[in-house]
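Hi,

Here's the structure I said I'd pass on.

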Amino acid sequence: MSERSTREKVLWILSKAGGRPVSGSQLAGEMGLSRNAIWKAVKSLQDQGYEIQSLKGRGYVLRSSGNILSKALIDNRIRELSRENSVPVPRLIVLDSVDSTNTYCKSLDHPEIPAVVAAEEQTAGRGRRGRSFSSPAGSGLYFSFAFKPEFPLEDAMKVTAVSAAVTHQVLTEMTGKEIGIKWVNDLYIGRNMERRKITGILTEAVAGLEEGGIERIIIGTGINCFPWALPPELEGIAGSLWEEGEDHPGFTRNELLARLIVSMNREFTGKNSLDSDRWVDYYRSHCFVIGRKVLVETAGRPSYEAEVLDVDDNFQLVVRVLDGTEKGRRIYVSSGQVSLRPL
């Protein structure tokens, strides 16, 4: 057993104990290691920032994981939250660093098994339309959820918007913060022109050459959890779930990731159809561009100003053109991006 897997196993056992002491001899016996090896693993975990208390004559207790991504803790929490689900628990991979979690997912075998790849940092994180996504170590949550869709292609086209709604629900429930959805796939925190982007979602499909359909859908999600030194181009644009000067965050990245994985797994895995009717109502109620003046940018035509009227049942943006020869025309926008214009 490698040093890393020893640490992860110790964490998993301590987290399962739910705050009850686990003796060094019990850990050694269960893992087939010496008590000295257990002591070294615990010491290493403590050095990493895990709050593990040693109680004389009783054993070790995990008091806090700090905010370190841990496969053992996330796995254990996923299984706790998934007890009433009949769908398979996803395979989980947690990395220190990776170029892109979406790219890593594409290299995995067995596309029929749902999988999650998470990383402390991405060195080449990607957003929509070929943009980069800043993913510094320790400040955010960067992960990809991959699954084989069983629903029809028309439902697959709604995955990005449903993912945004699912993510919004989890974040607001865990933080109590005021968060809004910006069509089609971004989450912002705050109000009006003070809103700052905290989440981006990039959905990609991998074609199955033999079957002639979609072999795997990959939902890449980046969430800014804590403040970091923003590059100049993101000043006044990016924000985070927790800001300096606020009370304790009230969440850990491990708990946040576990809840997001369970929610996405429940919505997308083993489904013959998406429950999009429920999510489109939720999406509309939290989409802050409805009723606003925006600049619409889509492929194949010049950008134009419009008023957002609604989001339809297929998550298309319904707009009324405000300028040019098409002034007054109603358009259904299925792809592209919008940016808010001053009130």
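Five strands make up an open sheet, ordered S13-S12-S11-S10-S14, with antiparallel pairing. Strands here are DSSP runs (E, at least two residues), helices are runs of H or I with at least four, and both are numbered from the N terminus; two strands pair if DSSP finds at least two bridges between them. At the edges sit strand S13 (330-333) and strand S14 (337-340), each pairing on one side only. From one strand to the next the twist averages 45 degrees (axes are lines fitted to C-alpha atoms, and angles run from 0 to 180 degrees between N-to-C directions). S14 is joined to strand S10 (residues 293-297) by four bridges, and the two run antiparallel. Ser-339 in S14 has Leu-295 opposite.

Before you go further: this is a predicted model, where local features need pLDDT of at least 70 and side-chain atom pairs pLDDT 80 or more, while totals for chains, interfaces and linings use all residues. Residues are numbered from 1 along each chain as its sequence is written, and side-chain values use heavy atoms, leaving out hydrogens and water.

Now for the UniProt part. An unreviewed entry there puts a "binding site" at Ser-100, Thr-101, Asn-102, Gln-122, Arg-126, Gly-127 and Arg-128 (positions follow the numbering used here, feature names are shortened, and annotations may be inferred rather than shown by experiment). Thr-101 counts as buried because its relative accessible area is 2%, and Asn-102 is buried at 3% (buried means under 20%, with a 1.4 Å probe and protein chains only).

Cheers

Key
Buried means under 20% relative accessible area, exposed over 50%, partly exposed in between (1.4 Å probe, protein chains only).
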